[in-house]
Structures are given as C-alpha cells and as structure tokens.
Number of protein chains: 2
Amino acid sequence: MKTLAVVALAAAVTTLSAPASAQFAKPEDAIKYRQSALFVMGQHFGRLGAMANGRIPFDAKAAQENADIVAEMAKLPWAGFGAGTDKGAPTKALPEIWTQQAKFKEHSDKLEADTVKLAAAAKTGNLDNLKTAFGATANSCKACHDNYRAK
Amino acid sequence: MKTLAVVALAAAVTTLSAPASAQFAKPEDAIKYRQSALFVMGQHFGRLGAMANGRIPFDAKAAQENADIVAEMAKLPWAGFGAGTDKGAPTKALPEIWTQQAKFKEHSDKLEADTVKLAAAAKTGNLDNLKTAFGATANSCKACHDNYRAK
C-alpha cells in the first residue's frame, strides 16, 4: 500500500505540475488568484507549523492531509504573476518579480520541490521528518518573501 | 498508462478527500479561506466553460489540467463554513448554511462528486464528454449559489 501511495502521489504530482494554461480575464483576477492560492496554501502550511513547533499535538493523518494540499497548492500561484500583473489591484508583489523572472522562477521551483519533500516527509508519520521538511520549506517561503514581497 | 493514471487519480482523490482537520485562528481567516478556495476553483472552472461554450478552442491537455485542479479545489471550501463563521468579514454566505447544515452538505457533496466526474470526462479528451460534465457541474454551482449565497 505504501508503494502504491508513493506511485500514486508521483503520478498525481506529474499530472498537476504541468502548466495550467492560465489565462486571466483581467490583471486583478490574476492578482486575486495568486493571493488566494497563497492564502489557502498558507493556512494548511500553518497547521503543519503548529505541529512542527509543538503548539498543537502531532496528528500524523492531519499532517499528511495538510502537506498533500500544500504540495498541490504550491503549483498554482506562479501562473498569476504573468506580464502586466504588477498592478491592477492592491499587491505586495515587488517589481523584481518581473525584472528578474528567471531568479523568481528558481525560487518558485524550489518551493514546489520542497513541498513535494514535505508531503513525502509527512507520509512517513515521523514528527522529526516533518520538522526537518517544514523548516526547509519555511526557509524557501521566507527567502522569496524577503526578495519579492513588500514589507 | 491510461489505467495507471486512473488508479493514480483514484488514489489521490481518496487521499485528499478526507477532512483536512481545518482549524482557523479567527472567523475572518475561515471566510477568506473559503472565498479563496472558491475563487481559485472558479478561475479554472471558467477556463473549462470557455472551451465547453466554444469561446476558446478545445485543448484536451489544458482541459485535463484545469479539471484536475477543479476536482482538488472542490474539496476545500467547506471546511471554512464552520460554526461561528457566518460573520467576521464581508461575506455573501446566507444564514441557511448554518441552519440547514445537512442540506448544505448535500450540495457540497454533490459538487465534489460532479467535479470527480468532470475530471474523468476531461481525461477522455472528448469535447462532448467535457460539455456534458461541465453542464452538470455548473448546475450544481448554481443550485448552491441560488440557495446559500446572497445576490
């Protein structure tokens, strides 16, 4: 069953990691989209953090559910940072996102990779594994925010 | 490969359909969460609608990607309708959501089931299948909005 689950996860990740052919009617839709996807991801990530930091008891099943959702959500926001979406609605996105696109993509790719590892770590049911993967992922969030999000 | 993909999808759906142990720090977080999840879902659903209605050319790969995301997103919003989240931030959610919880759950369960069928239809690569499944899902969206969302 464990093997099947890993195969299934890998297949699902492969399926969903392709570009989602994002097309937005207006820049404000793209901005709202990326903010929404990041907010949903953040809520589930925060629950993992509460377990990793001991604020709530470790619940292996809940950790796995939340980490799976984080890994799915982590693929989505980037489509909302297309050309012309630097303004059109209130946003903390800095201009460097568009002037340093390759570097920004390195950050988002790293986050996606980290969240795949996070989901795998959660699946082990071991709190120490979760803590390690959570810390690595949190660092990726922070690195990107430090560089590309207004204070 | 087709069989593997179906097995993978079924496994992924099973994994993620369990309750996500939702806990929100404040009612406004729950409200923002459900609105965010519904908005992300709506953007991807809208792209399927554009294909189903002939406003953009049918792209089987994009349809499948969008439908997979719709099916994942359709599981999430409901955790944000917990007790005490009828106010705390601007919301169109009507009081009936909390006074008719079983009926509201019937609606959300139906939508989830419809989106699983939608993803399966998209996977066939056949536009007519997509149109049928899109229409059924759109009806479920509308039925719930008519009953539980302020105009």
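Helices here are DSSP runs of H or I with at least four residues, numbered from the N terminus. Cys144(A) sits in one of them, helix H6 (residues 127–148) of chain A. The structure is a predicted model, in which local features need pLDDT of at least 70, side-chain atom pairs count only at pLDDT 80 or more, and totals for chains, interfaces and linings use all residues. Residues are numbered from 1 along each chain as its sequence is written, chains are lettered from A in the order in which they are written, and side-chain values use heavy atoms, with hydrogens and water left out.

**The annotated site**

An unreviewed UniProt entry marks Cys141(A), Cys144(A) and His145(A) as "binding site". Positions follow the numbering used here, feature names are shortened, and such annotations may be inferred rather than shown by experiment. His145(A) is also in helix H6 of chain A.

Burial is judged by relative accessible area: buried is under 20%, exposed is over 50%, and partly exposed is in between (1.4 Å probe, protein chains only). Cys144(A) has 10%, so it is buried. His145(A) has 32% and is therefore partly exposed.

Contact means heavy atoms within 4.5 Å. Beyond its neighbours within four places in sequence, Cys144(A) contacts Phe104(A), His107(A) and Arg149(A).

**Aromatic rings**

Rings of Phe, Tyr and Trp (its six-membered ring) pair if their centres lie within 6.5 Å; planes under 30 degrees apart are stacked, over 60 edge-to-face, and the rest tilted. The count over all chains is 14 aromatic pairs. Two of them are set out here.

| Pair | Centre to centre | Angle of planes | Type |
|---|---|---|---|
| Trp78(A) and Phe104(A) | 6.0 Å | 75 degrees | edge-to-face |
| Phe104(B) and Tyr148(B) | 5.2 Å | 75 degrees | edge-to-face |

The chain B pair links helix H5 (residues 101–123), which holds Phe104(B), to helix H6 (residues 127–148), which holds Tyr148(B); they are 44 residues apart. Phe104(B) is buried at 8%. Tyr148(B) is buried at 3%.

In chain A, both Trp78(A) and Phe104(A) are buried.

**Charges over rings**

A charge sits over a ring if NZ of Lys or CZ of Arg is within 6 Å of the ring centre and within 35 degrees of the ring normal. Arg47(A) lies over the face of Phe24(B), 4.7 Å from the ring centre. Arg47(B) has its charged end over the ring of Tyr33(A), at 5.9 Å from its centre.

Notes: Helices (H or I, at least four residues) and strands (E, at least two) are DSSP runs, numbered from the N terminus.
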